[in-house]
Structure formats: structure tokens, C-alpha cells
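Please examine the structure shown below before reading on.

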Amino acid sequence: MNILQQPTLFKQSCYAGGKWISSSNVINVTNPANGELIGTIPKLSEQQIIDTIEQSQQAMQKWKQETAKSRSIILRNWFNLIESNIDDLAYIMTMEQGKPLHESRGEIKYAASFIEWFAEEGKRTYGETIPQTIGTNRLTTIKQPIGVCGAVTPWNFPAAMITRKAAPAMAAGCSIIIKPASETPYTALALAELADQAGIPAGIFNVVTGESRQIGEILTSHSLVKKFSFTGSTPVGRQLLKQCATTIKKSSMELGGNAPFIVFDDADIDKAVEGAMIAKFRNGGQTCVCVNRLYIHDAIYDQFVSKFMDKVSNLKVGNGLDEGIDIGPMITSQAIKNMQSLLQDALDKGAKLAPLSISTPDHANYMSPQVLLDVDHSMNIVHEEIFGPIASIIRFSTEEEVLERANDTIYGLASYFYTNNIKRVYRMSENLEYGMIGINTGLISNEVSPFGGTKQSGLGKEGSKYGIEDYLEVKYLCLDIA
Ligand code: SIN
């Protein structure tokens, strides 16, 4: 990583209790664009994770006593340092995650926005005065930091999924221990280096690396960890939630999605195509709010498909560090195998691949975008999260029919629809069983709005004014003044 302006941002040790910890027991981290080794990270022992939790508990005793304003000043230092090191951070992210450099830069800005937002929200964690029930009592609530927090974060957004959890936790007065994905630890460790430079006290922000299952088990079962937050797949979330049950830990889960993208016959078709491109191919299709199935009205089907195909055929696949790339490598070749089995199932059941010839580098992690036509609900691709650049297109003819199909899933994270009929906007918004709805837009993520799902897509909201609540405990005070 000699190319970095600040080479100290590339750390091969982890950050716990304000110290950089190395180990002879390591995990290799490779670049998904070419399989080359980037470096190693320590495989911490069970005892080292427990020590981190105990130090973190110790450190937060002072941090929680600080004023929200002084915590905010320190968080803002962190925000400023992230913004001013954006080129290095984006480079590290593309090296380990594969996304195009312009998307990595976008993610760093997105990640920093959570810190800026929660640095301010921390000052507004108001309690309440409740009208008394008898003349001599006075009823109030106060909000207090919940305690040490644990978080397991994913490889698809190596920075933003950390700050979306860590910033509200720290703004609330908590400490947090992050276990980043083993595929993408270096962005997390660079954030830790900047947290240290920003003056975040030792033990408040920790990044531990090692065996995922073991660290997940400790963070979900240790009694000093009072809150656990996870972003990842629904099956893993279900398991972690079970583990949290032993100590009745407050938990938030941001899990899988199966987003429908519906285009009605009265929609602006060019706008819908543009939105579909973003919502389908952002991060190579590897986001939990990515479109999984496109429902296009009969009357505009041919027009939409032809315009969509024109755009898809112009996508450039390659190493995210190269100029002009739209889709980088997938995180692993296994991810491609999973997609190929979904494709095969759909083809066996009658779907057709639209003709496309997009060149891809000769390495097992690259996947050429695919458009699948004549898809129907008998196919697995409609029910399982694709997590990659396959667009599966389904025809529909009535609003009732498409609504029923859109809701026919265990997931309820994001959904999208395009229409210019205001009555339909309300009907659809009220009846779609999803936590987030993009109406005439394919891009819904930002720091000010509540991000989270319904059904088996998760629990809790991140970002927005709600995002800090999960890191606070409401305490009720009943005072007798007689
Ligand atoms: C995710 O895929 O987990 C997050 C996507 C986003 O924040 O937009």
C-alpha cells in the first residue's frame, strides 16, 4: 500500500483497548480483483476478545460522563479526518472489496455522513415530563447509554455499516466493539487509526479480527455487552438473535432483502430505467436493498426492456481501480456459483437470457451482468436474494396482481415503484410490506432517513433520529413531593 498518502492507515494489527494488537496466528486477506494477497490480520483468541469487552466497559465509565457536546466535538474530528483521507480510504476499500473507486469514494462520504449526523443527534437525546397521575407525584424519563455494544459488520459496505452503528453508539455515550468481515478488515482498521487520531479515548472504538463464529458467539453471549447489532444475511441473523436471547440482549438486525422494482404503464420510462440501473447494479448488485426482481407492466414491457438492455450492454466490468469501471469483481467465486445455480434453475423452468456480450477479465471472481426474461414465481431467483448483477424481469398487468406478488416473500427490506398516479402512490405505499419504499427513485439510502426492514429482513432502524434510540435505555423516575 505504498501508494497511500498516509501509509499508517494500512494496519495489519487490530485495535482494542486503545492498543494495536498483533498475533502470529493470522488470516490472509486477498484482493478479489486478482486473488493476490493484500496482507494479514490477527486471529484474536477468546481471552483477547473478553479482555477487549472488559476494557471497553471500563473506558465507557468516563466517556458516558462527558457532555454530549464534548463527545460531539471528538466525533466531528473523526468525521473531518475521514473526509480529508477519502482518497486513501477509497483505495483501501477498492483493494479489499473490489467496488469501483468512484463507488468507494461515495461510500466513504456516506460513512462519514453518519458520524456528522449522530455527532449532532447525540445532543438531542431528550427525556420527557409525563403529566402526573396524582397531585404529589412528578413523573419524568431520562435516557442513558445502554453500555458496551458489539457489532458484526459485512463486506459489502466496509465503512458505512460500521459508522452507521458506531457513531450513534459513541454519540450516546457507549463504547463499541466492531468485528468487521474478514474479507474487508482494512477499511475498518483505517477507520480505527483515524478514530485514534481524532482523540476518541482508548477502549471506546475497538476493531477486533479473527474467527467470525467465535467472536460472534462471545459478543452475543457476554453479559457485559448490552447491545448487539448485525448487518448480514437472514440465516446468520437468526442464529445470532438466538444467541442474544441467553442474556436478553437488546439487538438490531439489518438482514436480507428481496426488493421488487415495479414499473406501471403511466411511469416515466426513462426515469425508471435510470433508477433500475442504480438499484440493480450499485456495488455490482451486492447490497441488501438491490433490486431482486423487476415487474414491468405489459403495456410498456417491450419499451422498458429495450431501453434497459441498451444501458446494461454499456456496463464495463473490471478491476475497480481502473478508470471507467461500473462493476468490479464479486467478493468470491462462490458467490458466482450461487448465482449460476439460480440462473440455471430459472432457465430450466422457462426463463430466457437476453443476448448481451460484455467482456469480463479472465478471473473467477468476475461476473458479467445478465438480464433474464420471462421470469415467473415458480423460479428460485424470485424468492432468494441474488446479491449480484442479474436482473430478472417479470410481466404484470394489474396493480392487485403485482402487489400480491411483490409481497409474496419472507423479506421486507426495500421496494421500489414508478408511477405518475398520485392515488396509486398512496395505495402502493400503504400496501407494500416493506420498511423502505423508493417512489420514482432507485436510490433511497442516506443518513437522515430510517434504514431497516420488516418481516424477516430485520429489527430496528439505523440512521435518522431513530438510529440512536437503540443505544439508549429509557429510565422512568417517579418522585413523590408530598
Ligand atoms: C446494505 O446493503 O447492507 C446497506 C445498503 C445501504 O446502506 O444502502
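In which loop does isoleucine 248 lie? In this predicted model, isoleucine 248 belongs to the loop between α8 (234-245) and β11 (250-254). The phi angle of isoleucine 248 is near 50 degrees, which is a positive value in a residue other than glycine. Is isoleucine 248 buried or exposed? Exposed means over 50% relative accessible area; because isoleucine 248 has 73% relative accessibility, it counts as exposed. In general, nonpolar side chains in soluble globular proteins tend to be buried together.

A positive phi is also found at phenylalanine 387, near 55 degrees, again in a residue other than glycine. Phenylalanine 387 sits in the loop between α12 (380-383) and β16 (390-396).

The strands may be taken next. Strand β3 (residues 26-30) runs antiparallel to strand β4 (residues 37-42), and 5 bridges join the two. Valine 26 has proline 42 of β4 as its bridge partner. The hairpin of β3 and β4 has 6 residues between the strands, and in this hairpin glycine 35 takes a positive phi near 75 degrees. In a regular strand, side chains alternate between the two faces of the sheet.

Between β5 and strand β6 (residues 137-145), the antiparallel pairing extends over 3 bridges; threonine 129 has threonine 140 in β6 as its bridge partner.

The largest nonpolar core comprises 152 residues, and those with the most contacts inside it are Trp78, Met170, Phe205, Ile262, Phe304, Phe308 and Ile381. Methionine 170 illustrates the surroundings: neighbours within four places in sequence aside, its contacts are Trp63, Arg71, Leu75, Trp78, Ile176, Ile200, Ile204 and Phe205.

Finally, the ligand has 13 residues around it, of which Tyr110, Arg164, Arg282, Cys288 and Ser445 come nearest. A ligand oxygen atom lies 2.7 Å from an N or O atom in the side chain of tyrosine 110. For the side chain of arginine 282, the distance from an N or O atom to an oxygen atom of the ligand is 3.0 Å. Cysteine 288 instead presents a polar backbone atom, 2.8 Å from an oxygen atom of the ligand.

Technical notes. Residues numbered from 1 in each chain as written. Predicted model: local features only at pLDDT ≥ 70, side-chain atom pairs only at ≥ 80, totals over all residues. Heavy atoms only, no water. Pairing = 2+ DSSP bridges. Helix = DSSP H or I, 4+ residues; strand = E, 2+ residues; numbered from the N terminus. Core = buried A, V, L, I, M, F, W, Y, C linked by side-chain atoms within 4.5 Å. Buried < 20%, exposed > 50% of the residue type's maximum accessible area, 1.4 Å probe, protein only. Contact = heavy atoms within 4.5 Å. Near = heavy atom within 4 Å. Polar contact = N/O pair within 3.5 Å; in protein donor to acceptor, adjacent residues only side chain to side chain.
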